[in-house]
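These are my notebook entries on a predicted model. I set down what I looked up, entry by entry.

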Amino acid sequence: MKFTVITGASSGIGYETALAFATKGKHLILVARRLEKLEELKKQIHSIDESLEVVLKSFDLSNRDQVYNLYKDLKPYDIETWINNAGLGDAGLIIDEDLQKIENMLRVNIDAVTILSTLYAQDYADKEQAQLINVSSAMGYMLAVGNIVYSATKYYVSAYTEGLAKELSGHALKAKVLAPAITETEFIDKANNVENFDYSTGVKKYHTAKEMAQFLIELYESNNTVGIVNENYDFVLNDGIYPVLQGL
Ligand code: NAP
């Protein structure tokens, strides 16, 4: 039995991505801290297809030991797709920012993504049909002043994943980057410490989490490395954006 792992499946893009993979008949391993939200999602998945295997894992990805323990726990499973989606943002200038929040972002957005991607790539490099999809951001390709630490963590995710994709040429595993722009989820509430941010009045353009999950499916089904939302809010696929130094 083959599985799709989705981190950060308890809300937003991860939640909708789990439903989108369920409609494609995929068995799922869903990861987040809030187990009750994952239970709710599992019920919804079983209302789509009750034959699907849905494994729930409650882990805190800001804790390095838990990141390694998660991977160890999942070793017995055959994982055809691994999606590192869990992440968090910030708001405010670096000079004003809470260092605890910065550290948390570094741990979840960078450390956990790097550790889980590296372990998965080492185990699945030559497994046919295997895919690693890391969720970055349009801010991982354009500096967002006022959200610089978040933006910088996503530059890392994009660079690491595009680079891994290049290193994997000649192997079966494909590494891909999803780079959403503003998407209606719990993300802004948590980044800005607000409740129920109103996307319809608060921003000019945005996608719903359901739309973003469909873009992720487009990327998954393509042979491209990057799926990014551009300035016009169109979703475009390409083979990598960062310049590459050849010949060293
Ligand atoms: P969201 O609704 O806040 O979802 C974030 C998910 O990450 C939740 O399931 C949360 O689960 C999980 N998570 C956060 N910290 C965690 C931790 N320490 N351990 C385990 N899981 C953790 O936000 P979203 O918009 O769907 O975000 C998904 C991804 O899209 C993120 O990587 C984000 O950077 C990226 N993105 C979002 C936007 C946007 O505008 N929404 C734009 C560009 C990129 P628990 O709280 O249950 O642990």
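I looked up R64 and found it in a salt bridge with D111, with 2.7 Å between the closest N and O atoms. I noted that R64 belongs to helix α3 (residues 64-74) and D111 to helix α4, so that the pair links distant parts of the chain, 47 residues apart.

I found E103 and R107 joined by a salt bridge, the closest N and O atoms lying 3.3 Å apart. Both residues are in helix α4; because they are four residues apart, about one helical turn separates them. I recorded relative accessible areas of 34% for E103 and 31% for R107, and each residue counts as partly exposed. I also noted a network in which salt bridges with shared partners join K2, D78 and K127.

K24 is partly exposed, at 35% relative accessibility.

Which residues are closest to the ligand? I listed 30 residues around the ligand, the closest being S10, S11, R33, Y150 and T185. A polar side-chain atom of S10 is 2.7 Å from a ligand oxygen, and a side-chain N or O atom of T185 is likewise 2.7 Å from an oxygen atom of the ligand. For E186, I found a backbone N or O atom 3.2 Å from an oxygen atom of the ligand. On its own the ligand has 880 Å² of accessible area, of which the protein covers 97%. I sorted the shell residues into 13 nonpolar, eleven polar and six charged. At least two shell residues come from each of α1 (12-23), α5 (148-167) and α6 (187-192).

I found a nonpolar patch formed by L93, I95 and V145, with about 370 Å² of accessible area together. I placed L93 in the loop between β4 (78-84) and α4 (99-124). L93 is partly exposed, its relative accessible area being 45%.

Terms used:
Residues numbered from 1 in each chain as written. Predicted model: local features only at pLDDT ≥ 70, side-chain atom pairs only at ≥ 80, totals over all residues. Heavy atoms only, no water. Near = heavy atom within 4 Å. Polar contact = N/O pair within 3.5 Å; in protein donor to acceptor, adjacent residues only side chain to side chain. Areas by Shrake-Rupley, 256 points an atom, 1.4 Å probe, with all protein chains shown as cover. Nonpolar A, V, L, I, M, F, W, Y, C, P; charged D, E, K, R; others polar. Patch = residues over 30% accessible without salt bridge, like charges linked within 9 Å, V, L, I, M, F, W, Y side chains within 5 Å. Salt bridge = Lys/Arg side-chain N within 4 Å of Asp/Glu carboxyl O. Buried < 20%, exposed > 50% of the residue type's maximum accessible area, 1.4 Å probe, protein only.
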